[in-house]
Amino acid sequence: MRLPRFDYFGPDTLDAALELLATHKEEAKILAGGTDLLVRMKKGLLNPKVLISLKALNGLSYIKKDDEGIKIGARTPLADIISSDLIQIQATALSQACEKIGAVTLQHYRGTIGGNILQDNRCHHYNQSKFHRSGRQACHKEGGKICYARDESDRCNSTCQSDGATALMALGAKIILASAGHERTVDLENFYTTDGIMPFAMEPHELLKEIFIPFQGGQSAYHRLAFRSAIDYPIVCAGVLLTPSLTQKDEIEGARIVVGAMGRSPLFLAGESAGLKGKKFTDFAAFQTAADAAMNSAATFAVHNVGGTLEYRRAMVSPMVFRALKEAAQAADR
Ligand SMILES: Cc1cc2nc3c(=O)[nH]c(=O)nc-3n(C[C@H](O)[C@H](O)[C@H](O)COP(=O)(O)OP(=O)(O)OC[C@H]3O[C@@H](n4cnc5c(N)ncnc54)[C@H](O)[C@@H]3O)c2cc1C
Ligand code: SF4
């Protein structure tokens with residue numbers, strides 16, 4: 001499979017990159033590590049006329065902290081996140097999630113955190129070669145009018161399989177989107193559309209500049225299930241954050257349960273999370289109840305399109321959420 005032709009730009013300032021995006025808009029794509037983008041281009045799923053590389057933008061690669069939280073530049077390599085003491089201690093779920101992404105080579109040489117969040121949704125009816133796809137009618141994501149994954153669906157139900165986004169949503173992260181002369185901050189949980197054709201609520205002239213993780217004083221954890229421990233994408237995953245009460249240290253004040261790889265975006269389960277308020281960090285029965293409820297909620301979003309049977313993926317939500325809750329609680333109890 002060969003790459004299609006494109007014009008390549010390698011700006012060395014953020015302003016220059018934003019100018020290029022403003023000029024080329026829909027015709028351009030940002031190239032970070034390329035581990036998602038170039039694969040899609042080779043399969044003919046995407047054919048941008050212009051690639052704007054972030055390679056020379058070293059200023060977008062950093063991990064910093066201030067009084068309010070942790071700031072991560074969008075071009076930061078996954079390997080830097082994995083090896084960061086700050087992330088390991090203050091945003092454990094993110095460190096655990098990045099460790100699971102792809103393989104060590106992908107984490108060390110190419111993959112970035114921005115590209116991880118913005119990788120396109122996947123579906124095994126769609127992520128195939130051009131030849132394979134040519135044998136059947138186009139689905140919604142290819143400009144057609146049907147969905148092979150959910151009968152009579154009027155939209156694309158492709159699945160978000162980003163490990164990083166699931167962990168970051170559990171941590172209550174925000175993202176900063178920049179365009180020429182403008183910046184806006186969005187809660188990650190509000191960043192998604194309801195159609196997998198374009199899963200992100202983002203304009204073509206916008207660039208993901210930074211990820212912000214607020215300090216919330218709790219413990220987080222991330223668990224995932226994949227066929228193999230390396231290379232494979234998650235088929236179910238869960239990120240959680242548990243924060244203690246200021247007055248009763250053994251009591252949960254706030255919880256965030258997020259289930260990934262079960263829908264068009266990671267799913268923040270507000271009701272199930274709220275149900276843990278006031279529970280003890282040692283109340284594993286409450287964790288099991290929350291995990292089972294998370295399974296029931298997440299099950300309604302999933303379709304059979306990323307490997308494993310739907311029944312198996314649905315059934316595995318509960319163990320993933322339970323393990324993540326237990327691990328975060330035990331870390332908080334130490
Ligand atoms: C074999 C293999 C296994 C993989 N396994 C996993 C896995 O287990 N878990 C997982 O989560 N992912 C997995 N991936 C997907 C991918 O490799 C990672 O998500 C990686 O982190 C993507 O980062 P990147 O920098 O290479 O992104 P790129 O491919 O460069 O970009 C991805 C998308 O984001 C856009 N983009 C990137 N940065 C920006 C920015 N700053 N602003 C605006 N747009 C931007 C690009 O235009 C593109 O559309 C796998 C990929 C492969 C090939
Ligand atoms: S979920 Fe449906 S529309 Fe979306 S890529 Fe898969 S088959 Fe196509």
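By class, six nonpolar, four polar and three charged residues line the second largest pocket of this predicted model. Here Ala, Val, Leu, Ile, Met, Phe, Trp, Tyr, Cys and Pro count as nonpolar, Asp, Glu, Lys and Arg as charged, and the others, Gly among them, as polar. A pocket is an open set of points on a 1 Å grid over the protein atoms alone, with protein on both sides within 12 Å along at least five of seven lines; a cavity is a set where a 1.4 Å probe fits but cannot get out, and lining residues have an atom within 4 Å of a point.

So where is this pocket? Domain 1 (1-55) and domain 2 (67-119 + 159-333) both give residues to its lining, so it lies between them; the bounds come from an automatic or database domain assignment. Helix α6 (residues 104-110), a DSSP run of H or I with at least four residues, gives the most to the lining, with three residues.

Now for ligand 2: the space it takes is the largest cavity, meaning more than half of its atoms lie within 2 Å of the grid points.

A note on the numbers: residues are numbered from 1 along each chain as its sequence is written, with chains lettered from A and ligands numbered from 1 in the order written. Local features need pLDDT of at least 70 and side-chain atom pairs 80 or more, while totals for chains, interfaces and linings use all residues, and side-chain values use heavy atoms, without hydrogens and water.

Methods: Helices (H or I, at least four residues) and strands (E, at least two) are DSSP runs, numbered from the N terminus.
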